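The stops below are given in the order in which to select them.

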Amino acid sequence: MDAVDQAILRRLQRDGRQTNRELAEAVGIAPSTALERTRALRSRGVITGFHAAADLERLGRGVQALISIRIRPQSREAIESARDSMASMPETIGVFVVTGNEDLLVHVAVPSTAYLRDFVLDRLARRKEYVDVRTIVVYDYVQPVEQSELPSAHRSGGRTPYS
């Protein structure tokens, strides 16, 4: 991805509903170039779709939590089944299959802490294959608007700003 592709991606992540003409003007290229570049980003799988962002608080889901789950028996089938089951629940925002003591980390958004308690006790803790369920309430959640390639030093294992 070159600088033009990066600029197009940043603009579309901020506002996926802007017109191609607006995008081209903001990036400083011809509309035909913007359209061609955007199509190329989609065909290469860099842009995977356009989505409407929803305010969870306004949807009545103002309490967020991370739930870690340990699964037994430890098998691909059991983990994938649990992953898919959690992903299908309306409370779920995201599911991560992770390493370490837990097998899944699930991000949920619910109306209240009482709802969260009931969700964990009634829908998760009762499952025999979930041998350990831990809940962490999220105080604040900030999702970055833009995602892009890391500078080349970061991708190649070079020095990072943290080292």
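Predicted model: local features only at pLDDT ≥ 70, side-chain atom pairs only at ≥ 80, totals over all residues.

Select Phe50 to begin. This residue is partly exposed, with a relative accessible area of 40%; buried means under 20%, exposed means over 50%, and partly exposed is in between, with a 1.4 Å probe and protein chains only. Phe50 sits in the loop between α3 (31-43) and β1 (63-71). Helices (H or I, at least four residues) and strands (E, at least two) are DSSP runs, numbered from the N terminus. Now show the surroundings of Phe50: not counting residues up to four places away in sequence, Leu12, Gly16 and Arg42 touch Phe50, where contact means heavy atoms within 4.5 Å.

Residues are numbered from 1 along each chain as its sequence is written, and side-chain values use heavy atoms, with hydrogens and water left out.

Next, select helix α1 (residues 3-14), where Gln6 is found. Is Gln6 buried or exposed? Gln6 is buried, because its relative accessible area is 14%. Leaving out residues up to four places away in sequence, Gln6 touches Met1, Ser148 and Glu149.

Move to helix α3 and pick Glu36. Glu36 has a relative accessible area of 60%, so this residue counts as exposed. Draw a distance from Glu36 to Arg127: the C-alpha atoms are 50 Å apart, and the two residues are 91 apart in sequence.

Now colour by domain. The protein is divided into domain 1 (3-44) and domain 2 (57-138), with bounds that come from an automatic or database domain assignment. The centres of domain 1 and domain 2, taken over C-alpha atoms, are separated by 37 Å.

Go on to Pro73, in the loop between β1 and α4 (76-87). Which form does the peptide bond from Arg72 to Pro73 take? The bond is cis, with omega near 5 degrees. Most peptide bonds are trans.

Select strand β4 (residues 130-138) and find Val133 within the strand. Apart from neighbours within four places in sequence, Val133 is in contact with Ile67, Ser68, Val120 and Leu124. Leu121 is 12 residues from Val133 in sequence, and their C-alpha atoms are 9.3 Å apart.

Zoom out to the whole chain. The protein has 6 helices and 4 strands, in the order α-α-α-β-α-β-β-α-β-α along the sequence. The C-alpha trace spans about 60 × 40 × 30 Å along its principal axes. The radius of gyration is 20 Å, whereas a compact globule of 163 residues would have one near 15 Å; the radius is taken over C-alpha atoms, and the globule rule is 2.2 Å times the number of residues to the power 0.38. Of the 163 residues, 28% count as buried. Among contacts between residues at least 6 apart in sequence, 62% join residues at least 24 apart.
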